[in-house]
Amino acid sequence: MLLRRYNPKDCEALTSLFYHTVHNVNVKDYSQEQLKAWANDKIDLEVWNKTFSEHYTVVAVENNIIVGFGDIDKLGYLDKLFVHKEYQRRGFATAICDELERVVKTDKITTHSSITAKPFFEQRGYKLVKEQQVQKNDIALTNYIMEKQVR
């Protein structure tokens with residue numbers, strides 16, 4: 001496995017990975033309506049590229065295939081962490097998260113975890129702050145604000 005920094009040429013592959021991961025991995029915890037609201041086929045590549053470029057974004061590559069990615073901002077907000085459906089439970093999310101946590105200069109990291117990812121973050125020492133309902137395209141989705149002290 002290779003972990004490397006984001007390159008704008010990765011944007012389309014990362015958004016595709018995001019879309020397919022949500023629709024294939026998160027399907028056990030969210031309805032089809034919720035999945036479509038969360039990850040629709042109208043992804044704005046310019047917006048995603050801007051976010052990836054402003055954050056510290058890591059891309060995981062295995063055999064020249066992008067298999068995962070994650071990003072964190074300067075304030076310690078871990079925004080995205082996704083691994084391709086065929087590469088789940090192989091340590092990719094752990095490696096990406098280790099790197100994101102390593103570079104942050106804040107005392108704590110905050111994330112808004114999906115139902116699906118909550119056990120992963122709990123195993124890493126993240127504590128539940130609160131459950132919330134967020135609106136995506138007028139559809140409510142449950143997620144969890146979670147925090148981890150890192151310093």
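**Strands, helices and cores in a predicted model**

Biologist: Leaving aside neighbours within four places in sequence, which residues is Val59 in contact with?
Modeller: This is a predicted model. Val59 lies in strand S2. Leaving aside neighbours within four places in sequence, its contacts are Leu2, Leu3, Arg4, Tyr6, Asp10, Leu14, Ile66, Gly68 and Phe69.

Biologist: Is Val59 buried or exposed?
Modeller: The cut-off for buried is under 20% relative accessible area. Val59 has 0% relative accessibility, so Val59 counts as buried.

Biologist: How many Å apart in space are Val59 and Gln88, C-alpha to C-alpha?
Modeller: In sequence, Val59 and Gln88 are 29 residues apart. In space, C-alpha to C-alpha, the separation of Val59 and Gln88 is 15 Å.

Biologist: Which backbone oxygen does the side chain of Thr57 reach?
Modeller: Thr57 is also placed in strand S2. At 0% relative accessibility, Thr57 counts as buried. Beyond four places in sequence, Thr57 is in contact with Arg4, Arg5, Tyr6, Phe52, Gly70 and Asp71. At 2.8 Å, its side chain reaches the backbone oxygen of Phe52.

Biologist: Now the hairpin. Which residue in the turn between S3 and S4 has a positive phi?
Modeller: S3 and S4 pair in the antiparallel sense over 5 bridges. Across that pair, Gly68 stands opposite Val83 in S4. The hairpin has 4 residues between its strands, and the one in the turn with a positive phi, about 95°, is Gly76.

Biologist: In which sense do S4 and strand S5 pair, parallel or antiparallel?
Modeller: Tyr77 stands opposite Thr110 in S5. S4, H4 and S5 make a right-handed β-α-β unit. S4 and S5 (residues 108-114) have 2 bridges, and the sense is parallel.

Biologist: How many of the 7 residues of S4 are buried?
Modeller: Lys80 lies in S4. Its relative accessible area is 12%, so Lys80 is buried. S4 is mostly covered, and its buried residues number 5 of 7.

Biologist: Which side chain does the side chain of Lys80 make a polar contact with?
Modeller: Not counting residues up to four places away in sequence, Lys80 touches Trp48, Thr51, Phe52, Phe69, Gly70 and Asp71. The polar contact, at 2.8 Å, is with the side chain of Asp79.

Biologist: Which element gives the most to the largest nonpolar core?
Modeller: That core has 22 residues, and those with the most contacts inside it include Ile72, Leu78, Cys97 and Phe121. S2 (56-62), S3 (65-72), S4 (77-83), H4 (92-103), H5 (118-123) and S7 (139-149) each supply at least two residues. With 6 residues, the element that gives the most is H4.

Biologist: What covers the buried residues of helix H1?
Modeller: H1 (residues 11-25) reaches 20 Å from its first C-alpha to its last, close to the 21 Å expected. Its buried residues include Leu14, Leu17, Phe18 and Val22. The elements covering them include H2 (32-38), H3 (45-54), S2, S3 and S4.

Notes: Residues are numbered from 1 along each chain as its sequence is written. This is a predicted model: local features need pLDDT of at least 70, side-chain atom pairs count only at pLDDT 80 or more; totals for chains, interfaces and linings use all residues. Side-chain values use heavy atoms; hydrogens and water are left out. A nonpolar core is a set of buried Ala, Val, Leu, Ile, Met, Phe, Trp, Tyr and Cys residues joined through side-chain atoms within 4.5 Å. Buried means under 20% relative accessible area, exposed over 50%, partly exposed in between (1.4 Å probe, protein chains only). Contact means heavy atoms within 4.5 Å. Two strands pair if DSSP finds at least two bridges between them. A crossover is right-handed if, with the strands pointing away from the viewer, the path from the first strand over the helix to the second runs clockwise. The expected span of a helix is 1.5 Å times one less than its number of residues. A polar contact is a pair of N or O atoms within 3.5 Å; within protein, one must be able to donate a hydrogen and the other to accept it, and residues adjacent in sequence count only if both atoms are side-chain atoms.
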